Amino acid sequence: MNSILHLYKGRINRSTFFGGWLLFVLSVIVLSGVALFATDGLSKGNAIVIIVLVVALIMLYIYLFSIVARRLHDVNLSGWMSLLMIIGPINLLMVIALSLVKGDEKDNKYGTVPHKQFDIGGLFK
């Protein structure tokens with residue numbers, strides 16, 4: 001449980017956030033394709049595939065909320081605001097805003113200033 005909570009600590013920059021968001025979108029597209037081809041109808045064999053897909057989607061949404069919370073931290077806002085991502089129209093607006101708004105240029109209460117360039121390692125901390 002402590003490692004899951006660690007996902008929500010720290011800050012990431014705009015390019016790392018946008019790259020992480022694209023990774024999320026591509027992963028959902030791939031999972032949707034798998035779901036379409038693997039489940040012709042609901043049967044015993046397909047139930048296992050559906051369970052695996054649901055677990056994968058839950059993990060992807062944990063990841064999404066993690067990168068949104070860390071990007072919110074970069075602009076000195078609470079990570080709890082990431083729950084606004086649940087609301088459909090606000091979801092896209094938040095992604096656009098968080099991709100465009102500059103983060104704090106100094107350390108803030110959420111951590112130190114993230115690297116200026118894209119940091120793939122920052123996506124999976």
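Tutor: Start with one definition: helices are DSSP runs of H or I with at least four residues, strands are runs of E with at least two, and both are numbered from the N terminus. The model here is predicted.

Student: Where is N76 found?

Tutor: Phi of N76 is near 65°, a positive value in a residue other than glycine. Most residues other than glycine have a negative phi. N76 is found in the loop between α3 and α4.

Student: Is N76 buried, partly exposed or exposed?

Tutor: Buried means under 20% relative accessible area, and exposed means over 50%. N76 has 35% relative accessibility, so it falls between those cut-offs and counts as partly exposed.

Student: How many salt bridges does a search of the whole structure find?

Tutor: R11 meets D74 in one of them. R71 meets D74 in another, and K102 forms one with E105. The search of the whole structure finds three.

Student: How many residues apart are R11 and D74?

Tutor: Their side chains meet in a salt bridge, at 2.7 Å from N to O. R11 sits in the loop between α1 (2-6) and α2 (14-38), while D74 sits in helix α3 (residues 44-74). The pair links distant parts of the chain, and the separation is 63 residues.

Student: Which helix do R71 and D74 both lie in?

Tutor: The side chains of R71 and D74 meet at 2.5 Å, N to O. The two residues are three apart, about one turn of the helix. Both lie in helix α3.

Student: Which residues are linked in a network of salt bridges?

Tutor: D74 meets R11 in a salt bridge. D74 also meets R71 in a salt bridge. The linked residues are R11, R71 and D74.

Student: Why does R71 count as buried, and at what relative accessibility?

Tutor: The cut-off for buried is under 20%. R11 counts as buried at 9%, and D74 counts as buried at 4%. R71 counts as buried because its value is under that cut-off, at 0%.

Student: Is E105 buried or exposed?

Tutor: E105 is bridged to K102, the closest N and O atoms being 3.9 Å apart. K102 has 55% relative accessibility and counts as exposed. E105 is at 62%, which is over the 50% cut-off, so E105 counts as exposed.

Student: What angle lies between the planes of F24 and Y61?

Tutor: A search of the whole structure finds two aromatic pairs. One of them is F24 with Y61, at 5.1 Å centre to centre. The pair links distant parts of the chain, with F24 in helix α2 and Y61 in helix α3, 37 residues apart. The pair is edge-to-face, and the angle between the planes is 75°.

Student: Is Y61 buried or partly exposed?

Tutor: F24 is buried, with a relative accessible area of 8%. Y61 has a value of 39%, between the 20% and 50% cut-offs, so Y61 is partly exposed.

Student: How far apart are the end C-alpha atoms of α4?

Tutor: At 1.5 Å a residue, the 13 residues of α4 should span 18 Å. The distance in the model agrees with that span. The end C-alpha atoms are apart by 19 Å.

Student: What arc do the buried residues of α4 cover around the axis?

Tutor: The buried residues of α4 are M94, V95, L98 and S99.

Student: How much accessible area does the nonpolar patch on the surface have together?

Tutor: The patch is formed by L77, W80, M81, L83, L84, I86, I87 and I90. L84 is found in the loop between α3 and α4 and is partly exposed at 33%. L83 lies in that loop too and is partly exposed at 43%. Together the patch residues have an accessible area of about 750 Å².

Conventions
Residues are numbered from 1 along each chain as its sequence is written. This is a predicted model: local features need pLDDT of at least 70, side-chain atom pairs count only at pLDDT 80 or more; totals for chains, interfaces and linings use all residues. Side-chain values use heavy atoms; hydrogens and water are left out. A salt bridge is a side-chain nitrogen of Lys or Arg within 4 Å of a carboxyl oxygen of Asp or Glu. Buried means under 20% relative accessible area, exposed over 50%, partly exposed in between (1.4 Å probe, protein chains only). Patches are made of residues with over 30% relative accessible area and no salt bridge: like charges are joined within 9 Å, nonpolar side chains (Val, Leu, Ile, Met, Phe, Trp, Tyr) within 5 Å. Accessible areas come from the Shrake-Rupley method with a 1.4 Å probe; for residues, only the protein chains shown count as cover. Rings of Phe, Tyr and Trp (its six-membered ring) pair if their centres lie within 6.5 Å; planes under 30 degrees apart count as stacked, over 60 as edge-to-face and the rest as tilted. The expected span of a helix is 1.5 Å times one less than its number of residues.
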